[in-house]
2 protein chains.
Amino acid sequence: MKNIKVPVEVSARHCHLSKSDLEKLFGLGYELEKIKQLSQPSDFACKETVDIQVGSKKIEKVRIVGPPRGQTQVEISLSDAVGSGVTPPIRLSGDLKGSVGVVLQGPAGKVELIEGLIVAKRHLHCSSDEAKRCKLKNGDTVSVKIGGERSVVFDNVAVRAKDNYKLCLHLDTDEGNAAGINKMGGGEIIR
Amino acid sequence: MKNIKVPVEVSARHCHLSKSDLEKLFGLGYELEKIKQLSQPSDFACKETVDIQVGSKKIEKVRIVGPPRGQTQVEISLSDAVGSGVTPPIRLSGDLKGSVGVVLQGPAGKVELIEGLIVAKRHLHCSSDEAKRCKLKNGDTVSVKIGGERSVVFDNVAVRAKDNYKLCLHLDTDEGNAAGINKMGGGEIIR
């Protein structure tokens with residue numbers, strides 16, 4: 001599992017919506033409009049955005065990532081949270097228990113969540129085959145080095161292996177900026 | 001120079017002003033009011049703030065760090081620059097040639113700079129004695145590991161050794177957030 005090159009993507013703040021919250025925000029029977037396929041085959045960026053209220057701070061036009069999921073989840077960076085009075089926990093996607101509350105405002109209505117706001121824990125997506133080839137398994141942690149002017153080694157990168165995933169390190173915007181990566185780049189698993 | 005523990009500080013966006021720009025912004029003969037001593041004995045946070053225009057983005061209430069310097073310098077993070085249309089270069093303090101322009105607005109007037117806006121390159125302050133003890137010299141680069149949930153190794157950390165400096169790693173807010181450090185923390189020089 002050493003010296004394996006991986007693509008790197010930086011995720012800006014975004015929301016995943018449950019089917020019922022989607023309808024509360026955009027109207028009964030509403031369907032999301034895909035504008036861009038994302039690197040993970042199941043995920044796509046949508047035309048739709050919502051405004052969110054994080055503590056005392058309003059953040060406008062937060063992109064929705066489709067398709068709908070079981071539970072609504074809002075991912076922001078710690079920089080985004082500055083001045084809001086709240087500090088979302090660093091969590092893997094889907095691990096929302098005891099996370100922070102957030103209010104979403106769409107054109108048709110509002111959704112007030114008592115939990116669902118997180119800062120994404122950095123993670124390495126890979127398919128089950130890629131995991132096997134790299135001698136990794138779901139739940140492992142690895143360290144990934146990013147080269148260049150702002151060279152960084154990210155430890156504690158969670159491996160997320162699943163059949164329909166594709167090899168890619170996902171960072172949030174703070175991590176991307178700290179490593180000098182704007183939207184996309186490359187790294188290497190070093191241990 | 002291995003396994004040396006260092007304090008870590010995160011610098012939020014701030015400005016250093018030249019004496020003449022200070023007077024343009026705040027009025028003739030104006031003196032900055034110190035509200036907090038910073039870790040480097042020469043530096044202090046001031047009561048005064050200015051609004052800055054970075055490309056198409058206005059950022060309000062940017063803290064001034066005193067005392068006045070030879071040249072005005074504005075330090076922001078790459079997260080701060082999002083949506084502005086400009087990308088400031090990553091530079092050490094004082095290295096402003098060919099950096100990005102910025103407009104500062106104070107209560108008494110405005111200063112339009114064609115260069116002076118940077119993202120601070122991460123750096124390790126230390127006194128000449130501390131440098132000697134750590135077998136480092138001004139201009140060296142080291143790697144500093146930050147532990148914890150968001151453990152990171154920052155490579156390419158510039159060593160800035162000077163008599164009146166004090167041992168401390170300075171990160172910007174993107175780097176601090178990427179390492180899970182809010183304002184202050186600790187790290188270790190690992191190579």
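I looked up the buried area between chain B and chain A: about 1900 Å², 41% of it on carbon and sulfur atoms. Buried area here is the accessible area (1.4 Å probe) that two parts lose on being put together, summed over both. I noted that B:Ile90, B:Glu149 and B:Arg150 supply 29% of what chain B buries against chain A, more than any other three residues.

This is a predicted model, where local features need pLDDT of at least 70, side-chain atom pairs count only at pLDDT 80 or more, and totals for chains, interfaces and linings use all residues. Residues are numbered from 1 along each chain as its sequence is written, chains are lettered from A in the order in which they are written, and side-chain values use heavy atoms, with hydrogens and water left out.

Next, the contact (heavy atoms within 4.5 Å). I found 22 residues from chain B and 21 residues from chain A in it.

I then checked salt bridges (a side-chain nitrogen of Lys or Arg within 4 Å of a carboxyl oxygen of Asp or Glu). There are six between chain B and chain A. One I looked up pairs B:Glu175 with A:Arg150, the closest N and O atoms being 3.5 Å apart.

Last, the strands. I took them as DSSP runs (E, at least two residues), numbered from the N terminus. Strands pair if DSSP finds at least two bridges between them. Strand β12 (residues 152-161) of chain A runs antiparallel to β12(B), and three bridges join them. In this pairing I found A:Phe154 opposite B:Val152 of β12(B).

Note on methods: Helices (H or I, at least four residues) and strands (E, at least two) are DSSP runs, numbered from the N terminus.
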